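Q: I'm new to reading protein models and would like a close look at one part of this one. Could you walk me through it slowly?

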Amino acid sequence: MLEYKMPSLGADMESGFLREWRVKAGDKIRKGDIIAEVETQKGIVEIEVFDEGIIGELLVQADEQVPVGRTMATILTEEEAGKAATVPTKAAAPLIEKAVAPPHHIRASPLARRIASEKGIDIATIHGTGPDGAVTREDVEHAIAAQVAPPATMSEKPELSKEAAPARPEEKPVTPAIEVPPAAPKEPPKAPVASAETIRMAVAAAMSKSNREVPHYYLETKTDMQPALTWLTEANKQRPVKERLLPAVLLIKAVAKALSDVPDLNAWWENGLQRKESINVGYVVALRTGGIMVPTIHDADTKSLDEVMLALNDLIPRARALRLRSSELADSTITVTSLGEGGVETVYGVIYPPQVALVGFGGITEQPWTENGMLAVRPVLKITLAADHRASDGSTGSRFLTAIKNYLQQPDKL
């Protein structure tokens, strides 16, 4: 039997709110399946499973705050599930527990909860019409519409009472409806609704932890981007507009290839240096509301440039919508940040623990450049490295930056 535990989705995360199970006991699961949605300071994250089997028991209820590392569910093999099915007495116990739980749990989709929270409506007072009585977005919208038109409701009630009163003096059953408010004490735990402020706080926590615990060292170099930009222009002429490559693709791929040459920087620091086999590049995405998200491009070294571009096109909109999967937030082995177009030439980053390095690319600017004794004006890119001095030293970092420069000088090899 395996235990599925609340994953850590970043150095800033200590716990998350389980918002919804996507599976139930007895469901078969395969690697990569989404089994739950968890809300963190950075929004709702779809939680994947990395094992195959059958869901045994769900140990956490919706809306419960779950610390990182706590067991959320058990996963059984086919054989274990078969044995469990032949022992009815043991199976009966959890059923009783679940029968007690529902009165405290109000089923609702995360979106319905969010809208209700934003409108100040107690989700417990809304009648759900979804599966198993779950409150849906439409239910919340109906509740909002009912609130917007209170005068009409008030005027209708007297008319109804006038007609009904003479027919039945026992009309006082309306009173029980007033007793519904007692449901309010069952309100779910307060949600850390993702906002610019909560995201900023999450980033602040991670960066403070990094500055407090990681001994940084920095290196800087610069490279002539003329070969890379010329190659990119020619390559894009052969592509439809929607499939054209951005300079960021070359930068990400150059970093990934350089990590193959200098693997000590493709690692985590967890009770010592833990080198990683997969090269998963985290790419910093600035949010329009402020703050950043760092989605992961898995196996960036083995992806083609077109595949890296596709990954960016998929990840960036979802990062800005705060809709990323758990593996897309937790698997990065290095971070890349690029200022893109703009006048700022240099960026010095802060390492995102437990990673041991971060590469920063400034804006490309035209500068004097000498080559073979000749002076010219070239598009120049400054590249910086922030590295963990516990994991590497300057010579390692220097080899790594040199490797990045060499790959950018030979874009056809990326």
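This is a predicted model: local features need pLDDT of at least 70, side-chain atom pairs count only at pLDDT 80 or more; totals for chains, interfaces and linings use all residues.

Q: At what angle do helix H9 and helix H12 pack, and how far apart are their axes?

A: In general, two packed helices are described by the angle between their axes and the distance between the axes. Here, helix H9 covers residues 247-261 and helix H12 covers residues 394-409; they pack at an angle of about 130°, and their axes are 8 Å apart. That angle makes H9 oblique to H12, because angles over 145 degrees would be needed to count as roughly antiparallel, and 65 to 115 degrees is the range for roughly perpendicular. As for handedness, H9 passes H12 in a right-handed crossing.

Now for who meets whom. On the H9 side you'll find Leu 250, Leu 251, Ala 254, Val 255, Lys 257, Ala 258, Leu 259 and Asp 261. Facing them from H12 are Arg 399, Phe 400, Ala 403, Ile 404, Tyr 407 and Leu 408. Sort the residues of this contact by class and you get 11 nonpolar, 3 charged and no polar ones.

Let's zoom in on one residue of H9, namely Lys 253. Its relative accessibility is 5%, so Lys 253 counts as buried, given that buried means under 20%. Leaving aside residues up to four places away in sequence, Lys 253 touches Ala 300, Asp 301, Lys 303, Ser 304, Leu 305, Val 308 and Leu 414. Take Ile 404, one of the H12 residues in the helix contact: Lys 253 and Ile 404 are 151 residues apart in sequence, but their C-alpha atoms are 9.1 Å apart in space.

Step back and you can see where this pair sits in the bigger picture. The protein has 12 helices and 19 strands. Of its 414 residues, 43% are buried. If you take the contacts with a separation of 6 or more, 64% of them join residues 24 or more positions apart. The accessible surface comes to about 22100 Å², and carbon and sulfur atoms account for 55% of that.

Asn 271 isn't a glycine, yet it has a positive phi of about 55°. With a relative accessible area of 85%, Asn 271 is exposed, whereas Lys 253 is buried.

Note on methods:
Residues are numbered from 1 along each chain as its sequence is written. Side-chain values use heavy atoms; hydrogens and water are left out. Axes are lines fitted to C-alpha atoms, for helices over the stretch in contact, and angles run from 0 to 180 degrees between N-to-C directions. Helices (H or I, at least four residues) and strands (E, at least two) are DSSP runs, numbered from the N terminus. Angles under 35 degrees count as roughly parallel, over 145 as roughly antiparallel, 65 to 115 as roughly perpendicular and the rest as oblique. A crossing is left-handed if the near helix is turned anticlockwise from the far one by less than a right angle, and right-handed if clockwise. Contact means heavy atoms within 4.5 Å. Ala, Val, Leu, Ile, Met, Phe, Trp, Tyr, Cys and Pro count as nonpolar, Asp, Glu, Lys and Arg as charged, and the others, Gly among them, as polar. Buried means under 20% relative accessible area, exposed over 50%, partly exposed in between (1.4 Å probe, protein chains only). Accessible areas come from the Shrake-Rupley method with a 1.4 Å probe; for residues, only the protein chains shown count as cover.
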